[in-house]
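My notes follow in the order I took them.

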Amino acid sequence: MDTNLNAAGRTNADAKKSWNNWRKEVDSALSEPFGWLTLSALTWLTKDPSPIDDFPGTWSFQDGVVHVHFSASEPQIYRVDTGSSPADASPLPQGQRHTFDPRESPTLQVADKQAEIALRNGQVCVRIRNKDSALRAGFTAVPAWPWQAKWVIPVRYFPYPQAVTRDIFTAWRGLTNKMEFCGDVVFRLGDSEVRWAVSGSSIDEGRVIFRDGTSQSQAAPWRTAPVVEVDADSGDPKYVIDFNYAQNFPAHYGPWATCPRPVAENYTEVEITAGQKRPLITQSQWL
């Protein structure tokens, strides 16, 4: 057993065990009936009532409210925000108009499809999930580099006086969104010292979204990794970035996602050969 301690203060054996469990959990979540591998369409709503791709109804968005009309001849629609089955959900009366607050991220279901209403920087989209997705059916696991202690990297954390909101680019071409950043981390990669912005309203949920020398070749175009507090009881908190947990975004499995892209400073030419690799199969070749 490897009893050496890594930068997070854990034995390598314990860290590898936790990492293997994390990989199983991530793969299991991806393969759920309405997980990220089941996305099949995304439509942006306007004030003009219109049908959307791959789901019943006539949809529009005006004055902060989503309006949907389902005709009496269409299949029964259910509201299933919690991911429950239609048997446990609320049926929506047919032949009339319904209104939804997009801030609540309502989810509707008909048969084996779900429609998720999402608010993005003042715009509203409807994202469809189809549990019969061919990608989900063919999925086994996300490839990854083996766990390595060297990629648990100590960092110095410099908090901002208060969280800062920045406009960021997203995976959806032309769409920007807003993201909070709580501070910067400074650390060494190869022969260079880098300073990256940490996303999250506080360090407790801090992550770095980054590009590196493996992006778009061995790895996805960009990834995210956690900033983890260690030695929290000492009164002098220390932090690490554990790149073994570097993870792809839903946008890297298909084109129907609005995931955040990294800010310009979160880049290194160093090849971070840790965490998840480029997906083996995707719903498009846009990568």
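**Cysteines, then the sheet**

I looked for disulfides and the count came to zero. I am working from a predicted model.

I then took cysteine 259 by itself. Cysteine 259 is in no disulfide either. Its nearest cysteine sulfur belongs to cysteine 125, and I noted a distance of 11 Å.

Cysteine 182 has a relative accessible area of 5% and is buried. Cysteine 259 comes to 10% relative accessibility and also counts as buried. The cut-off I applied for buried is under 20%.

Next I turned to the sheet. In what order do its strands lie? I read S2-S3-S4-S7, an open sheet of four strands with antiparallel pairing. Strand S2 (50-52) and strand S7 (96-100) are the edge strands, and each pairs on one side only. From one strand to the next, I noted an average twist of 35°.

I went on to one pair within the sheet. How many bridges join S3 to S4? I found five, between residues 55-62 of S3 and residues 65-70 of S4. The two strands run antiparallel. I also looked up what stands opposite tryptophan 59, and it is valine 68 in S4.

Notes
Residues are numbered from 1 along each chain as its sequence is written. This is a predicted model: local features need pLDDT of at least 70, side-chain atom pairs count only at pLDDT 80 or more; totals for chains, interfaces and linings use all residues. Side-chain values use heavy atoms; hydrogens and water are left out. Two strands pair if DSSP finds at least two bridges between them. Axes are lines fitted to C-alpha atoms, for helices over the stretch in contact, and angles run from 0 to 180 degrees between N-to-C directions. A disulfide is a pair of cysteine sulfur atoms within 2.5 Å. Buried means under 20% relative accessible area, exposed over 50%, partly exposed in between (1.4 Å probe, protein chains only).
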